Amino acid sequence: MDPGSAWEPDHPVRAARVAIDRLVLGAAEREVRSAVLCDSLIYGQGRGPGRDSVLNAALVRQARAGGVVRHVGPGRNIWSTVHVDDVADLYLLALEKTPPGAFYFVENGEESFGTIAEAIARSLGLPGPRPWDPAALDNVWDPQFARHALGSNSRVRARRARDLLGWDPRHRSITDWILRELR
């Protein structure tokens, strides 16, 4: 996402995201104080309608539907995570302080999908975690997405958000939140 980069993603969903990001960042050339905040795996309860995060809610739905908590492959893949309240704090800081055309990754920790699945199993009292095939009938995900997204790493660092905006997230662990709050 460096200015002038010719990189193009190979998946239609990612291509759409990159196009929107470039449009927002390009608005800085028209003196618009624009910024892109690229969230990682968000956890926690939101304050409005649709309180559940998309990914966690789907993982829980799949676990309940199949009676067992599952992850793609051995579960060693790692994702960056961030609590929804910390995301809200960063959005407010970006509205108040961002320079035009800034891009921020949003994270405050990371965890393996195996450890996340283990915490979900403990919290829901379900067996698992166990590996599953993305083509299985109880899979709520598109098999290609499950294989390439849920089965791979998604790691970022929010250094720019901390350095430029003074963002200081309060929540530290998705697994602690799952064990304390998820039912």
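## The sheet

Three strands make up an open sheet in the order β2-β4-β6, with mixed pairing, where two strands pair if DSSP finds at least two bridges between them, and where strands (E, at least two residues) and helices (H or I, at least four) are DSSP runs numbered from the N terminus. This is a predicted model, in which local features need pLDDT of at least 70 and side-chain atom pairs count only at pLDDT 80 or more, while totals for chains, interfaces and linings use all residues. Residues are numbered from 1 along each chain as its sequence is written, and side-chain values use heavy atoms, with hydrogens and water left out.

The edge strands, β2 and β6 (110-112), each pair on one side only. Strand β4 (residues 78-83) pairs with β2 in the parallel sense over three bridges, and Thr81 in β4 is the bridge partner of Leu41.

## The helix across the sheet

Helix α4 lies across β2, β4 and β6, and runs at about 80° to β6; axes here are lines fitted to C-alpha atoms, for helices over the stretch in contact, and angles run from 0 to 180 degrees between N-to-C directions.

## The nonpolar cores

A nonpolar core is a set of buried Ala, Val, Leu, Ile, Met, Phe, Trp, Tyr and Cys residues joined through side-chain atoms within 4.5 Å, and buried means under 20% relative accessible area with a 1.4 Å probe, protein chains only. The largest such core has 26 residues, and Trp79, Phe113 and Ile178 are among those with the most contacts inside it. The elements giving two or more residues to this core are β2 (41-43), α2 (54-66), α4 (113-124), α5 (143-150) and α7 (174-181), and α4 gives the most, with seven residues.

Leaving aside its neighbours within four places in sequence, Ile178 is in contact (heavy atoms within 4.5 Å) with Ile116, Ala119, Ile120, Ser123 and Arg183. Another core, of 13 residues, lies apart from the largest one and includes Tyr104, Val106, Leu165 and Trp167.

How values were computed: Buried < 20%, exposed > 50% of the residue type's maximum accessible area, 1.4 Å probe, protein only.
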